[in-house]
Amino acid sequence: MKKGIITGCSRGIGFATVDLLTDNDNIKVIGTSTSGNCSIVKSNFDCFQLNLSESNSINEFVNVIGNTKIDFLLNNAGVLLENSDESVINLEHLRQTFNVNLFGTIELTEKLIPNFNKNGQIVNVTSDWGSFSEKNFDEFQPHYKMSKSALNMYTKLLAKRLENKNIIVSSFDPGWTQTDMGGNDATRKPMAVANDIKNLLQSVSESGNFWHQGKIREW
């Protein structure tokens, strides 16, 4: 049985990915949400409380996991705090965003590295907004964009560091998706993104890349 962790599973992409992966009885998923709740009820799924902005919460979750061996970690949880037309830096929003999207995600990942089985995978859900090659770039929502750009760099650095440990590290760009963050006008459905993630977990063999809809994209 494959076993993995998915953060931010109470809604959106995380919810859809848990729902899809746990249709397979040979996959066990440990999910997290800030409330510790998720409406999915399956024998091969458990949900725990995790607030990535608090080190104490991260430590409590890692203690719950203990020595449990895992095959994948999907760092999906994230926040977007600013409005769609905001471009001025708000230092409080910047700190809050980085605490979840970057610092908390990195802290959790680093503490879980010893739990990985051989040929494990770490997937960091980032964004086209975290890409320097994005052609439709604009000035708005800077805190989110900076956090995702930094997370992409973490992917590159971690992939290099773990290349001799048989752990594949990837960034994943889901595209504009119909979630609380993306809104109802978005072009992609969460389940379509979940299928992309499923395929990535099943097929990727090269570490240190940025993926979008089954293809390697530019950073």
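Which element gives the most to the lining of the second largest pocket? I will come back to that in a moment, but please keep in mind throughout that what we are looking at is a predicted model.

The answer is helix H5, which contributes 3 residues to that lining. H5 runs over 190–203, and together with strand S4 (70–75) and strand S5 (116–125) it belongs to the elements that each supply at least two residues of the lining of this second largest pocket. The space in the second largest pocket comes to about 270 Å³, and of the 13 residues that line it, Lys2, Phe72, Gln121, Leu201 and Gln202 are the closest to its centre. Sorted by class, this lining holds 6 nonpolar, 4 polar and 3 charged residues.

Let me turn to the largest pocket, whose volume is about 1,100 Å³. Its lining is made up of 41 residues, and those closest to the centre are Gly78, Tyr144, Thr179, Met181 and Gly182. Two or more residues of the lining come from each of helix H1 (12–21), strand S2 (27–33) and helix H4 (142–161), with H1 giving the largest share, namely 3 residues. In terms of class, the lining of the largest pocket divides into 21 polar, 13 nonpolar and 7 charged residues.

Next, a few words on the aromatic rings, of which there are 4 pairs in the structure. One of these pairs joins phenylalanine 98 and phenylalanine 103, where the ring centres lie 5.9 Å apart and the planes meet at 55°, so the pair is described as tilted. Are these two residues buried or partly exposed? Phenylalanine 98 counts as buried because its relative accessibility is 16%, under the 20% limit, whereas phenylalanine 103, with a relative accessible area of 47%, is partly exposed. A ring also features in another arrangement, in which lysine 145 lies over the face of tryptophan 129, at 4.9 Å from the ring centre.

Finally, I would like to point out asparagine 115, which you will find in the loop between helix H3 (91–112) and S5. Asparagine 115 has a relative accessible area of 7%, and it is therefore buried.

Conventions: Residues are numbered from 1 along each chain as its sequence is written. This is a predicted model: local features need pLDDT of at least 70, side-chain atom pairs count only at pLDDT 80 or more; totals for chains, interfaces and linings use all residues. Side-chain values use heavy atoms; hydrogens and water are left out. On a 1 Å grid over the protein atoms alone, a cavity is a set of points where a 1.4 Å probe fits but cannot get out, and a pocket is an open set with protein on both sides within 12 Å along at least five of seven lines; lining residues have an atom within 4 Å of a point. Grid points are joined across faces, edges and corners, and a volume is the space filled by probe spheres set on the points. Helices (H or I, at least four residues) and strands (E, at least two) are DSSP runs, numbered from the N terminus. Ala, Val, Leu, Ile, Met, Phe, Trp, Tyr, Cys and Pro count as nonpolar, Asp, Glu, Lys and Arg as charged, and the others, Gly among them, as polar. Rings of Phe, Tyr and Trp (its six-membered ring) pair if their centres lie within 6.5 Å; planes under 30 degrees apart count as stacked, over 60 as edge-to-face and the rest as tilted. Buried means under 20% relative accessible area, exposed over 50%, partly exposed in between (1.4 Å probe, protein chains only). A charge sits over a ring if NZ of Lys or CZ of Arg is within 6 Å of the ring centre and within 35 degrees of the ring normal.
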